[in-house]
Amino acid sequence: MSLERPVAPDPYDLLPTVPSFALTSTDIADGKALDDTFAHDSVGGRNVSPQLSWSGFPAETKSFVVTCFDPDAPTGSGFWHWVAVNLPVTVTELAQGAGSTEGGLPDGAFHVRNDYGTLAYGGSAPPAGDREHRYVFAVHAVDVDALDVTWDVSPAVVGFNLAFHTLARATLRSTYRVS
């Protein structure tokens, strides 16, 4: 079976343009390969979410949403690895491992089920032998205290709501490949 296919566009190139702000990490670097720590355990990783911190967002920001999306998954719709919703505006950093099921998020914030089916971060796991996949980590500065969604909606529903409430967005794009 061949996985040959065109390269999917960057998902944020397809949405209305919004201002950007700074997103940094002690664990990942823009354009660089992810360490196995942040890969899924099914490919020998530890399935740990990376540390993220952000600054320079608009003064009108009332909350944040953190996402990680793989546009290169051979699905026709990409693959959502992480959706953390309703982080308070006072939170400008998530520690390594905050995406765990054990509750690494601040009060009031919650995970939406990722495409693995878990309410947590799910590490990278492209099919063995497939080309390098891109992982777009994004922090969305939101104009409401809380998106009107619950933990049981799909990531697409969160994305739909973000289209109407995102003031600015910060991104880091990492890569991963299984040989």
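Which residue in β4 does F69 stand opposite? The views below take up this question after a note on the model.

This is a predicted model, in which local features need pLDDT of at least 70, side-chain atom pairs count only at pLDDT 80 or more, and totals for chains, interfaces and linings use all residues. Residues are numbered from 1 along each chain as its sequence is written, and side-chain values use heavy atoms, with hydrogens and water left out.

**View 1. Strand β4 and its partners.** F69 stands opposite W80 in β4, and β3 (63-70) and β4 (79-88) pair in the antiparallel sense over seven bridges; strands here are DSSP runs (E, at least two residues) and helices are runs of H or I with at least four, numbered from the N terminus, while two strands pair if DSSP finds at least two bridges between them. β4 also pairs with strand β6 (residues 110-111) in the antiparallel sense over two bridges, where A84 stands opposite H111.

**View 2. Burial of β4.** Nine of the 10 residues of β4 are buried, where buried means under 20% relative accessible area, computed with a 1.4 Å probe on protein chains only.

**View 3. Lining of the largest pocket.** A pocket is an open set of points on a 1 Å grid over the protein atoms alone, where a 1.4 Å probe fits, with protein on both sides within 12 Å along at least five of seven lines, and its lining residues have an atom within 4 Å of a point. The largest pocket is lined by 18 residues, of which Y12, L15, G159, L162 and R169 lie nearest its centre, and α1 gives the most to this lining, with five residues.

Methods:
Buried < 20%, exposed > 50% of the residue type's maximum accessible area, 1.4 Å probe, protein only.
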